[in-house]
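Please keep the sequence and the coordinates open while going through them.

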Amino acid sequence: MTAPTATGLDQVIAAGTRFAGRRVGLLTHPAAITSDGRHAAHALLDAGCDLRALFGPEHGVLGTAQAGESEAAATDSSTGLPVYDTYDHSVEHLTGMLAESRIDVLVVDLQNSGARFFTYESSLYDAMAAAAKIDVPVCVLDRPNPLGGRVVAGPVLHQEFTSFVGRAAIPVRHGLTMGELGRLFAARLGVPAPEVVPLAGWDAAKLFPATGLPWVPPSPNLPTPTSALIYPGTCFLEGTNVSVGRGTTTPFELVGAPWLDRTFAERLRAAAPTGIAVREAYATPAFDRYAGQQICGAQLHVTDPDAVDPPAVGVMVLCALRDGWLGRLRFRDKHFDLLAGSDELRTALCKGAGAEEILEQWRAPARRFAELEREPYLLYPREGEC
């Protein structure tokens, strides 16, 4: 059996703390664990690190908050450390937090989803901008991109559509680790590049299950590697009046609405998304959109993970909804456009463009990013990129 990938955290613990003599702050969450299941905060303390404060992203340090929420500032019960809530605060606010904590280095250990609109990327971006203002260096303990690092796909964000669901002009599926993103963000921000403790033994051509690491949900609504794989496609629907299965046991794998019927699954099945089997499905979400109401829709079953193109799946779902339920489908224009990175996807859908036409418009910008723009920031070999 192949040894599991060693994360940046595991590398630090194995070598002994590299933060001797420095007061450390840790931006982290529950998915930041060692290979033997210890949380980053406890592992660093056990290794003799002078850990002074914890900083929480969306969902919080403990991961108890739902989407769009965080845990309030508090004292961590297991370590006694102060906890600062960083979620969606201004750079100025974050700078004040860092100054108040009196740390010498900010360590970031966050398991990302591999999708541009996952907010941990924005948390890293903003934390780096804030830390640079008071000359606090940043160190990223790297973790695998769950979607691998070979495939780049989806729309590239237009700079005028930057938000907390997209800080930099990169594709939805960018194929970068958090350490690599930190290097790219530093260049875009014009701030010092973070120190990165790299992965050992990571194969960028493989999806998360091949790492041999345990899956800890980086979000309450990404319970499995399969939900994380589908997420970069069905998350577009967060900008519509269709449920993505929040409040069910299969978030982002299930899409539906009370006004859909069984022909939706038939339409989507006819689109034949690669690596996906489509099943007619019903559910009653316990919370979020259509809570307490029965929805009809489709569940997306992954039959070939390596063949799935998540942004393409999302476009096929949107086209099926538009073609069958044009009078019922609604766009939350601003939010949809921020997720897509521009108004081009919504405009194309409203004009009746087909899925292949939309996908073709994304290919050249994504290829340019993969082949030219991200190259200086890569830490791991990429072969056979597409």
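1. In this predicted model, Leu106, once its neighbours within four places in sequence are left aside, is in contact with Gly25, Leu26 and Leu27, with Phe55 and Leu98, with Ala127, and with the run Val136, Pro137, Val138 and Cys139.

2. Leu106 belongs to the largest nonpolar core, which has 97 residues, and is listed with Phe55, Phe117, Phe236, Phe264, Leu345 and Ile358 among those with the most contacts inside this core. Helix α8, residues 310-325, supplies the largest share of the core, namely 10 residues. Apart from this core lies another one, of 20 residues, which includes Leu9, Cys49, Val61 and Val197. As background, nonpolar side chains in soluble globular proteins tend to be buried together.

3. Is Leu54 buried or exposed? Leu54, found in strand β2 (residues 51-56), has a relative accessible area of 1%, and because buried means under 20%, Leu54 counts as buried. Leaving aside neighbours within four places in sequence, the contacts of Leu54 are Leu26, Ala41, Val61, Asp76, Thr79, Leu81, Pro82, Val83 and Tyr84. One of these contacts, Ala41, is 13 residues apart from Leu54 in sequence and 8.0 Å apart in space, C-alpha to C-alpha.

4. Helix α1 covers residues 8-15, and within this helix Gly8, Leu9, Asp10 and Val12 are buried. Which elements cover them? The cover over the buried residues of α1 includes α2 (40-46), together with the strands β5 (105-109), β6 (138-141) and β9 (195-197). Just after α1 comes Gly16, which takes a positive phi of about 90 degrees.

5. The axes of helix α4, residues 119-133, and helix α5, residues 178-189, come within 10 Å and cross at roughly 45 degrees, and α4 and α5 are therefore oblique to each other. The crossing in which α4 passes α5 is right-handed. On the α4 side the contact is made by Tyr120, Glu121, Leu124, Tyr125, Met128 and Ala129, and on the α5 side by Met178, Leu181, Gly182, Phe185, Ala186 and Leu189. Sorted by type, the residues of this contact comprise 10 nonpolar, one polar and one charged.

Methods:
Residues numbered from 1 in each chain as written. Predicted model: local features only at pLDDT ≥ 70, side-chain atom pairs only at ≥ 80, totals over all residues. Heavy atoms only, no water. Axes fitted to C-alpha atoms, helices over the stretch in contact; angles between N-to-C directions. Helix = DSSP H or I, 4+ residues; strand = E, 2+ residues; numbered from the N terminus. Parallel < 35°, antiparallel > 145°, perpendicular 65-115°, else oblique. Left-handed = near helix turned anticlockwise from the far one by under 90°. Contact = heavy atoms within 4.5 Å. Nonpolar A, V, L, I, M, F, W, Y, C, P; charged D, E, K, R; others polar. Core = buried A, V, L, I, M, F, W, Y, C linked by side-chain atoms within 4.5 Å. Buried < 20%, exposed > 50% of the residue type's maximum accessible area, 1.4 Å probe, protein only.
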